[in-house]
Amino acid sequence: MSAQTQSGDFDIYATFQQFLQDEEISPPLAAISALAEAIVRSNAGTMFELVQALNDGAEELKRRSPNPISLNAGCELFIAFVTLFPHESDNFAELKKELEQQGRKYAAEALTFRDKIAELALGFIKDDSVILTHSHSRVVLKALLHAHKTKRISVYVTESRPRGLGLKTYETLTAAGIPCTVVLDSAVAYVMDRVDFVLVGSEAVVESGGLINYVGSNQMAIIAKAANKPFYALAESYKFHRLFPLSQYDLPTHNPNILSFPTPIGRSAGTDDAPSTSTPDIITKQPARLGTSSSSTERAMNQEQIAKNPGVDYTRPDLISLVFSDVGILTPEGVSQYLVGMFAG
Amino acid sequence: MAPAPTLDVHPVNGPPAGEPSAGQKSQKQMTKAERRELQEKQRAAKAAKAAANAPNGKLGGKAAKELSALAGAPSKKTGRPSDAASKPPPPGLVKAAQAKAGQASLADQSARNQARGLLIFSHFGLPKPVSAAKGDIHPAIARLALQFSTFKITGANARCIATLTAFKTVIQDYVTPQNNTLSRHLMTYLSPQISHLVAARPMSITMGNAIRQLKLDISGSDIDLPEQDAKDVLFRKIDTYIRERIIIADQVIQETAGNKIKDGDIVLTYARSSVVEKVLLEAHASGREFSVIVVDSRPMLEGKRLLAVLSEAGIQCTYLLLPALGSVISEVSVVLVGAHSIHTNGAVYSRAGTALVAMMAKRHSVPVVVCCETYKFSENIQLDSFTKNELAPLGDLFSSFPNNKPREYLTLENQPHLEILNPLYDLTPPSCITAVVTEVGVIPPNAISSIPVALGRL
């Protein structure tokens, strides 16, 4: 089955990267815009070929992207939209243009989703709230900044190793005048009793009602449950995904290298799960990164060791209190109902 | 459906209408022991009455004589009465009547056994023997009823397909009487047939849903169509139902559930689900490397058939009985089970023992995946295994314990203070289930109520 050859002059991944340049646009939206572009450039003659071409484009994006989950959600949403779009088959070129416009319109409208979510979350943030958040999320930042206009809040944010994105959040919040403190990833349990509720963003919200987010979210959810604190997830509707992971290791991002053990030195490297490790590196003293105190006794993981760690994890739906989305405030069960209703038709 | 639980524990061959009211009035005045005595007397009297009446006029003289001989016999071995009754086939008797004689003798014998009575679970009603065909029972239905009551056809899907196929034959042979229309009369014609099936074995949810759909189709059939055309329309509808809701649904489930099986996985399954069997065979055919643990339980030991099918296909299998589950559960990657039906609150009603497997898996953080077509969805809510269940019939079928002793040593029978309780189904609470795979998607158990929404769109 030959795919529509458009890779000659049109590189979908490059277009995708281009859209991503804009800070505000998240990967799924960029994917939708890239796919909308692909529609116009494609020379498909029928709906079937067009959907085929879009699927190929989505595959390409998934392949070349390091973290494909949220991207996947956006692609699937757009392809489902294209498939279900009512069309009269007389003028296909016009149909394609129409689809492309719809795609662009959606992407533009989607930028307002974060504001909607921020407004919804406002009702749950009381004066003098102490909020715990994880790593860096644009929608959470928007919600916090929005709340700051009318209420007093203070925020704990985790450092979120290894990428240290929590510090980015710290800078943004402090610049806005919100009292903010960075806590170690391992100090989440320590701080949980001080916190009123937990607010996190998402890479994807899955069909079970669970959450896929930067590694550390699951931990936070479990600790919040143990401490009886509400755990809220903020997610735009284009992040709802039909995936259904049965466990952490059922995620598409999980590969055999993660959490693998190295082959011992001196023995033959037999059939090992970890192709990238030959001998374990002795941990070298590296200058402490990320602007924290540069004590000479501090150590850090090297790249190889970091590569064995996951980037995202899966939080079970029973640990999540509510999911705030532009379609409304949903319980985790409600997410599933929304997804089944949306994709079953 | 099931008679409301009352104090007197009669088998549901039903006490004559007059009795309960008389018995209940005085029961309030009697003590417990006196009440028990009264029950025993009533039961014995009824059992004698049941044995005395030959169940139907179709019995040849020889068979009837055997029966009355049996009625007097004080001691009975399980296998013998039915053997004796079915051994000499009086010429000209329909096979069904023969088997009915066997069933009747089983009936009077089990009636005697029920003289002790089950003190719990009696509200399900004890399995009744296939009684005399009241009115016109089509031979296809009679055959089916027999197959159901002797457990030759088991499994929700198999029963539903067999029922619908039998109904096609019945509809084909049906002739609309004068001054009547197919859409109105056919249903009244089918009702006694359905009751006959229910009497043989309580209807499964799948059969219920299919028959409801059939009734809808019949009542919606066009009055103006000539009879054979109307029948053809019905046949097409039945075929479509089977194809779309069962066959094709199974194919979608095979693919979806198969994707959850990864190379190197150890899959555990319980008893024998037709859907799970298909999933495993398909996953194996697509080249996935995995091994299967088949967990089985008495008395039905359905897992043996699954084991045979899987081993034949080349899948590495382990077979063990339910009590041994604890030893292997920590090595299992995923548990795949089928379902008899699934309820709005997400509870799964399935072969007895499934709940144990699910709870054990949950305890060890093993994901439990239920494979279930949407036509098994039942809109009521079930909270436990007692309010609705089915008891396996006593008698030859399931008294093969212990296997290595001759029949005379079937010590579980014939004990005055020992009752055998054998529920066929149990309820797995939604908290133990990780995911339900249907043809409309993978659904978490607490969102099962979204199935009607999805179905409404289809």
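Salt bridges between the two chains come to 2 by the rule, in what is a predicted model. On the side of chain A that touches chain B, the classes are 5 nonpolar, 5 polar and 4 charged residues. Polar contacts across chain A and chain B number 5 residue pairs, with both residues at pLDDT 80 or more.

Now the extent of the interface. Chain A puts 14 residues in contact with 20 residues of chain B. Between the two chains about 1400 Å² is buried, and carbon and sulfur atoms give 62% of that. Which three residues supply more of chain A's buried area against chain B than any other three? They are A:F244, A:L246 and A:V340, and they supply 40% of the area that chain A buries there.

Next, a helix inside chain A. Helix α1 of chain A runs over residues 12-20, and its buried residues are A:I12, A:Y13, A:T15 and A:F16. These four sit on the same side of α1(A), because the arc they cover around the axis is only 160°. What do the buried residues of α1(A) pack against? Their partners are α2 (27-41), α3 (47-64) and α4 (69-84), again of chain A.

A:D11 caps the N-terminal end of α1(A), with a side-chain oxygen 3.1 Å from the backbone nitrogen of A:Y13.

Technical notes. Residues numbered from 1 in each chain as written. Chains lettered and ligands numbered in written order. Predicted model: local features only at pLDDT ≥ 70, side-chain atom pairs only at ≥ 80, totals over all residues. Heavy atoms only, no water. Contact = heavy atoms within 4.5 Å. Buried area = accessible area lost by both parts, 1.4 Å probe. Salt bridge = Lys/Arg side-chain N within 4 Å of Asp/Glu carboxyl O. Polar contact = N/O pair within 3.5 Å; in protein donor to acceptor, adjacent residues only side chain to side chain. Nonpolar A, V, L, I, M, F, W, Y, C, P; charged D, E, K, R; others polar. Buried < 20%, exposed > 50% of the residue type's maximum accessible area, 1.4 Å probe, protein only. Helix = DSSP H or I, 4+ residues; strand = E, 2+ residues; numbered from the N terminus. Arc of directions from axis to C-beta.
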